[in-house]
Amino acid sequence: MNLKDYLSQKLNQALTELDLPSVDFQLAPTKNPQFGDLSTNLALILAKQAKQNPIELANKLKSELDLDNSFVREVSVTPPGFINFTFSNHYLFEALNDVLNKGVDYGKSDMGTGQSANVEFVSANPTGPLTVGHGRQSVLGDTVGNILQWHGYNVTREYYYNDAGRQMRILGQSVAARYFQELGKDIALPEDGYQGSYIKDIAKSIIVDQGQELTKESPLFRELAEKTIFSDIRESLKQIGIVHDQFTNEKTFYESGAIDDIVESLKKKDLVYESEGASWFRTTALGKEQDRVLIKSSGEPTYRLPDIAYHRNKLDRKFDLVVDIFGADHQDTYPDVLSALEALDYDVSSIRVLIHQFVTLIRSGEVVKMSTRKANFVTLDELTNLVGKDVVRYFFIMRGMNSHLNFDLDLAQDQSEKNPVYYLQYAHARIVNILKHGEHLDFKYSTDFNAERLTHDSELTLLKSIGEFPDIMAMALKSLEPQLIANYLHGLAGHFHRFYSDCRVITDDKELSQARLALIFGAKTVIANGLSILGVNAPDRM
RNA sequence: GCGCCCGUAGCUCAGUUGGAUAGAGCGCUUGCCUCCGGAGCAAGAGGUCACAGGUUCGAAUCCUGUCGGGCGUACCA
């Protein structure tokens, strides 16, 4: 039984009894234990329209409530008019039993059961290695996928790329230039060429594998560069536990005729016109500031057009939920894609777009402007090799996606030794160790224990925290903001560490020891479940 | 110029439908292992929540303006 639901039901009943209007109120955990565990602002909100003093109103509501005291031990009213509820210990013990019974499933819901979701993320074109900038989106997308799976969604992780555009053409030319340079010919990099040393490596391996007779126009330069770089990208992702289920190439939408079809359909709606040799999308007719080019005067579509085709394709695949993870640089473009689809009579309500801000890289106290083309970047691999998968994942997920975070490379290693992720992992390892220690002394964790023996503040605080996990996961599903989980776990680990220093688990008091073993087993379960959603290891030893 | 995001402790950042005394880590000061792991715990110093107005019983949170930063504002993606 969810206590929140129970209480809001009871409060609504009280409103009816008192002939008061029903209103949207809050029922939230308190920050300060002196106000109990849950508190509501109901009386405060109602005071004005009921034309009553909020405290008097709160007291009336309080006396109208008929609460089961096996759930709620105490109800109080505090200024300026909050009604506060304190859990009964019995309720907390029920929550603990719930964790122990459900184990690895504790905190799951069936809100997504039977539904499919597509999460598109990374989607970097294979022009160079992934950078720490890509790391943020990679971890964010994968974790959002985990959250959806946790609630029962059948999740497809998708990577969308374009191997036929301008970027890739320049990539091929860059490799060709290095190839001929290696062979002693004086051919300059193209003006916007890729300057990274990986281009030379690719050129060298082409000399080894394909010989020295390739012509400047050979498609092999671009094709082999793509193949090599893509395999590096996949490996970089794999290093931090990320595997995509599907790779979708923009090119397929040209070949299938989808691109032409989009243009034709938009033309029929009079949303496309020709001007200065280009085809324009009449977005002003859809309430936008300015029209946008769909097909350049060169005959090449802009990225917008295949994006529309791609999203139509995703809608045609009938996912119940389509999540796009974009960097802040795409902020302006997805609304056009959505309006195009709406203009084509598609329902876009299943599309959720998550925009994340960029990582600012700082090296030697200076901001580094990252550019793949100019080879001014720190790769994701370098970071992973430096601090390891768990730190990389936790570092990128512990901050909100809207924060413009600064990443100081010089501090990365230093900070990694103090990284908050170890705080969580250490709590887990500590618990495992206590359980082992207990078994050694013939104290074995069992679901048969007397919860009434848990009376210490540290025990009850830990217990409450454990019980909040399902709520946190429901919030994470609603907001798709993984840092909620990281914040919660940090708090939970803190409650455990405090409990640990206040209370000894294995003692001469067998009954108490059994109860505490059950408590820490519950804590371990939640930490492990939470970390698994973040894609972070929960080690038995560190 | 216009649009989106942001401005919270020395530094990096939490603070989620507006709630009670604004938090954590790092760094700094000081205590705590004969005892389940000290990668921990406890305590201290450190704040005009950029600034100015407004809404409200109540604002870091919502609104307006100013200042500062990031990203867009391409026939790049």
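Visitor: Where does Q357 lie?
Guide: This is a predicted model, and in it Q357 sits in the loop that links strand 12 (351–356) and strand 13 (359–363).

Visitor: Buried or exposed?
Guide: Q357 is buried: its relative accessibility is 15%, and the cut-off for buried is under 20%.

Visitor: What is Q357 in contact with?
Guide: Setting aside neighbours within four places in sequence, Q357 is in contact with R136, A328, M401, N402, S403 and H404.

Visitor: Switching to helix 4. Which of its residues are buried?
Guide: Those are Y91, L92, F93, A95, L96, V99 and L100.

Visitor: And what covers them?
Guide: The cover for the buried residues of helix 4 includes helix 1 (3–17), strand 4 (82–87), helix 17 (457–467) and helix 20 (510–534).

Visitor: What span should helix 4 have?
Guide: Helix 4 has 14 residues (89–102), so at 1.5 Å a residue it should span 20 Å. Its end C-alpha atoms are 20 Å apart, which agrees.

Visitor: What follows helix 4?
Guide: G103 does, with a positive phi, near 55°.

Visitor: OK, pockets. What's the volume of the second largest pocket?
Guide: About 1500 Å³. The second largest pocket has 48 lining residues, and F87, K464, G467, E468 and D471 lie nearest its centre.

Visitor: How do the lining residues divide?
Guide: The lining of the second largest pocket has 20 nonpolar, 15 polar and 13 charged residues. Helix 4 is one of the elements that supply at least two of its residues.

Terms used
Residues are numbered from 1 along each chain as its sequence is written. Chains are lettered from A and ligands numbered from 1 in the order in which they are written. This is a predicted model: local features need pLDDT of at least 70, side-chain atom pairs count only at pLDDT 80 or more; totals for chains, interfaces and linings use all residues. Side-chain values use heavy atoms; hydrogens and water are left out. Helices (H or I, at least four residues) and strands (E, at least two) are DSSP runs, numbered from the N terminus. The expected span of a helix is 1.5 Å times one less than its number of residues. Buried means under 20% relative accessible area, exposed over 50%, partly exposed in between (1.4 Å probe, protein chains only). Contact means heavy atoms within 4.5 Å. On a 1 Å grid over the protein atoms alone, a cavity is a set of points where a 1.4 Å probe fits but cannot get out, and a pocket is an open set with protein on both sides within 12 Å along at least five of seven lines; lining residues have an atom within 4 Å of a point. Grid points are joined across faces, edges and corners, and a volume is the space filled by probe spheres set on the points. Ala, Val, Leu, Ile, Met, Phe, Trp, Tyr, Cys and Pro count as nonpolar, Asp, Glu, Lys and Arg as charged, and the others, Gly among them, as polar.
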